[in-house]
Amino acid sequence: MRIVRAKVLGFCFGVRRAIEMVQAGAQEGPIDSLGSVVHNPVVVQKLQASGVRVVSSLAEVSAPTIAVTAHGRGPEIVQQAQALGVRLIDATCPIVRKAQKAAARLVDEGFKVIIYGEADHPEVRGVLAWTKGQGIAILDPEEEVAIPRRKVALLSQTTKSEESFVQFVSRFVARNIGRINELRVINTTCPETDERYHAARELAEECDLIIVVGGRNSANTRKLAQTCREAGVETYHIETAAELDPAWLAGKEVVGVTAGASTPDESIDEVVERLQALARQRPAASTTQGG
Ligand code: SF4
């Protein structure tokens, strides 16, 4: 049995950068992180051990330092940190920051900002907070949206694929063009995410089983698993190597491994090592079953 890793997998640069910033900050004292620095239980536990606690709101903050995750927050966080008298580590991913700045600028120019994305996703909530109430997030381009000044700007949640954003834009424009005088499309999809989807599709072409490693609460990891299944390959989404079921490998020749943008290298390595161990046991297991 051959084990193949996707050409691009695991931590994106934004998540890697956020973890490094928070780890460096934790050396100076405890940190309360506003949400998980990364949607992965293995990393969250590790960070906890180094003094980084996850809190869901400012009301829960008790540490002298707070951290904003790669997903970012609204602009009010700077004043809120000052009011609380805490140090702020802002680990907003530069790509998310670009989307926030674009949203703020477009609202100032009179555009209605429409984000193609999940309204309750932390990154989308953060970008919307930069629109002074002039933004909305939708997934369905057929949804009825008010366009007060006939000026519309379309942005995307960074983790949506470029392909799906293109489809959203074309269907939205086809439906609403009669109500629009000026249209701006800002491509705020993240190339790192798209690279992982492309690499997963490529992997699917040569494998008869794919293991996707990553947190179950990670949207991009779930989407990776969906991408592999849509490519017609048997796919399992696991968080740790311990979840690997040897029965999945029966009759498989090439097993692919990919991982979401929030999955640490060690989790991927553990899965590959366990697969290698199971592959080595396979002939013996077959003999036993046959006997
Ligand atoms: S997926 Fe892209 S936008 Fe999101 S944190 Fe990673 S690099 Fe930044």
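Two strands pair if DSSP finds at least two bridges between them. Keep that in mind as you explore this predicted model.

**Stop 1: the sheet with β10 and β11**

Start by selecting β1, β12, β10 and β11. In that order, these four strands make an open sheet with parallel pairing. Colour the two ends: β1 (2-5) and β11 (235-238) are the edge strands, and each has a single partner, so one side of each is left without a neighbour in the sheet. As you look along the sheet, the twist from one strand to the next averages 20 degrees.

Now zoom in on β10, residues 209-213. Strand β10 pairs with β11 in the parallel sense, over four bridges. Which residue of β11 is the bridge partner of V212? Select H237 to see the partner of V212.

**Stop 2: the helices on this sheet**

**Stop 3: where the two helices meet**

Two packed helices are described by the angle between their axes and the distance between the axes. Here, α7 (residues 191-206) and α8 (residues 219-230) pack at an angle of about 30 degrees, and their axes are 9 Å apart. Because angles under 35 degrees count as roughly parallel, α7 is roughly parallel to α8. The crossing of α7 with α8 is right-handed.

To see the contact itself, show side chains for T193, R196, Y197, A200 and R201 on α7, then for N220, K223, L224, T227 and C228 on α8. What kinds of residue make up this contact of α7 with α8? Four are nonpolar, three are polar and three are charged.

**Stop 4: E192**

Stay on α7 and select E192, which has its place in this helix. Leaving aside neighbours within four places in sequence, E192 is in contact with C12 and F13.

**Stop 5: another sheet**

Finally, select β3, β2, β4 and β5. Taken in that order, the four strands form an open sheet, and the pairing is parallel. At the edges stand β3 (52-55) and β5 (87-90), each with a single partner strand, so one side of each has no neighbour in the sheet. Neighbouring strands in this sheet are turned against each other by 30 degrees on average, direction ignored.

Click on L34: opposite L34, in β3, stands V55.

How values were computed:
Residues numbered from 1 in each chain as written. Predicted model: local features only at pLDDT ≥ 70, side-chain atom pairs only at ≥ 80, totals over all residues. Heavy atoms only, no water. Axes fitted to C-alpha atoms, helices over the stretch in contact; angles between N-to-C directions. Parallel < 35°, antiparallel > 145°, perpendicular 65-115°, else oblique. Left-handed = near helix turned anticlockwise from the far one by under 90°. Contact = heavy atoms within 4.5 Å. Nonpolar A, V, L, I, M, F, W, Y, C, P; charged D, E, K, R; others polar.
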